[in-house]
Amino acid sequence: MKMDANEQVLLPQEIEAYLESLQPITIPDIGSPKWLTQRERIHSLSLQASLDVKSDREEIVKEYLVTLQKVPLLIHELIATEIWRLKVFPLLLKMENSSKSTIPLYLVLYQEAALESFLEAVLFHEEVVESSGDSLIDLVDYCYRNAIIFMSFQDEDFSKKSDEINNDLDEKLRLEQQKREIAFESGMKCISLLSYMTQHLKTIPLGVLHRLLVVHDVPLLFTNLLYDPPWIKEINGGKKKYTDGKWNKITSSDVMKISKTEGQIWIALIQLLLNPDCQKKYDMSGYKKEQLLKLRSKLNDVIIEQIPVLRELLRFLEHLSLFDAPVPKRGVIIEQVPEIWECLHKEYKGKWKEIATTQLKAHFSLSMDELQTLCKKLTTSFDLQNIEAMLPDIPLCAQCGSKGLKRCSRCKNEWYCGRPCQVSHWSKHQSACNLMVN
């Protein structure tokens, strides 16, 4: 779909006003009307930032983010939402909820992915990385935690939508499944964010570099991901690969085609292993050397043809196989701690059950009228023309996955290849459709 270069979600004045209005939300306030308002603004800003990148025009959101010093705030919101997911969400699932809908809870879960998308759209720029300051330590830790969770999904099949494989599950179990699907997508985004940070090694604080190389050993993490990628699944004798936000069937020749995620990992490895400053700090002896040298088997002519600079990495690995890498000097190291994570945990330690109980009554037990009002508010915050402009290709049928030719005339949310698939899918789609239009 071709996008008009003049399409806008927000005007420059609105961008500035929205960013100025963003304030740190406390964990007890997550899910509140104040939080919902900020969620909508972050969604609009993220979509505008992504449209700016896609249309290759002046990135106004990025400029105001730097000027107003709001990147640390986005990282704060990301960490706060993660802590809510880890500490409060499990307690809420155990409680009896009078509301029949899990939409309010799902919005909080999805907020993590929305914040990641926002950061992904702007963190490529050096000035954004520089304006992040020491909050990057929290972001590195966050990305590492989610990348480890991502690796645990190697044997899990996410190639089918949760509503197709879990019709027999109740709402809470379905919400748990949706949380895992969001975690998979978050893992992909976190790899992207880590890769962007490695492109600015001269800009990031030394504490961040130490965390990338020594504390979390990102080179070894990325090496393991290339050898056992969760984004490739073998299902019923065939293979599927996760690209552009969906699972696609691939042939044996397609396996060698480098995806965006794989490309980002390779570029990050080049930066971390070939940079002289990194070589002085990163220990490439013993077990690490053995693991890194396994990358040579991946660096064939087909891969190098797609990213020619990988020839330099192959040359480095061949040299490493013949000679021992120098062991980094062990000096006095003052290690910075992730301040946002530590402060939030310290502030709310022992209060998680109290927070969950209060939030359930105040924010997550909505009446049908309140739920319909929320859904109407959500639909008005989406501009279908701008969202369609962000789609990588044509929409797909919600039932069979083929080319989507017709959209549901009531909610305008789902696509179908024809009437038979729409009728067949109605039992699954009806409740969501009714909420959107009633």
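This is a predicted model: local features need pLDDT of at least 70, side-chain atom pairs count only at pLDDT 80 or more; totals for chains, interfaces and linings use all residues.
Q: What makes Gln 69 partly exposed, and where is it found?
A: Its relative accessibility is 47%, so Gln 69 counts as partly exposed. Gln 69 is found in the loop between helix H3 (60–67) and H4.

Q: Which residues of H3 are buried, and what covers them?
A: The buried residues of H3 are Ile 60, Val 61, Lys 62, Leu 65 and Val 66. The cover includes helix H1 (12–21), helix H2 (33–55), H4, helix H5 (103–122) and helix H6 (126–132).

Q: How do you know that Glu 16 is partly exposed, and what is it in contact with?
A: Glu 16, in helix H1, has a relative accessibility of 29%, so it counts as partly exposed. Contact means heavy atoms within 4.5 Å. Setting aside neighbours within four places in sequence, Glu 16 is in contact with Tyr 64 and Leu 68. Glu 16 also lies 8.0 Å from Val 61, C-alpha to C-alpha, although the two are 45 residues apart in sequence.

Q: Why is Asp 217 called buried, and what is its phi?
A: Asp 217 has a relative accessible area of 10%, so it is buried. Its phi is positive, about 50 degrees, although Asp 217 is not a glycine. The residue is found in the loop between helix H10 (206–215) and helix H11 (218–227).

Q: How do you know that Lys 189 counts as buried, and what is it in contact with?
A: At 13% relative accessibility, Lys 189 is counted as buried. This lysine is found in helix H9 (residues 171–198). Leaving aside its neighbours within four places in sequence, its contacts are Ala 113, Glu 116, Ser 117 and Glu 120.

Q: What makes a set of residues a nonpolar core, and which members of the largest one touch the most others?
A: A nonpolar core is a set of buried Ala, Val, Leu, Ile, Met, Phe, Trp, Tyr and Cys residues joined through side-chain atoms within 4.5 Å. The largest one has 118 residues, of which Ile 27, Trp 84, Leu 139, Phe 222 and Trp 266 touch the most other members. Helix H4 (residues 71–94) gives the most to this core, 13 residues. A second, separate core of seven residues includes Cys 408, Cys 411, Tyr 416 and Cys 433.

Q: Which residues is Trp 266 in contact with, leaving aside its neighbours within four places in sequence?
A: Trp 266 is in contact with Leu 226, Ile 258, Leu 295, Lys 298, Leu 299, Ile 303, Ile 307, Leu 310 and Leu 313. As for the whole chain, among contacts between residues at least 6 apart in sequence, 76% join residues at least 24 apart.

Q: Why is the pair of Trp 84 and Phe 89 called tilted?
A: Rings of Phe, Tyr and Trp (its six-membered ring) pair if their centres lie within 6.5 Å; planes under 30 degrees apart count as stacked, over 60 as edge-to-face and the rest as tilted. These two rings have centres 5.8 Å apart and planes at 45 degrees, so the pair is tilted. Phe 89 is buried, with a relative accessible area of 0%. The count comes to eleven aromatic pairs. Phe 150, Phe 153, Phe 184, Trp 231, Tyr 242 and Trp 247 form one aromatic cluster.

Notes: Residues are numbered from 1 along each chain as its sequence is written. Side-chain values use heavy atoms; hydrogens and water are left out. Buried means under 20% relative accessible area, exposed over 50%, partly exposed in between (1.4 Å probe, protein chains only). Helices (H or I, at least four residues) and strands (E, at least two) are DSSP runs, numbered from the N terminus.
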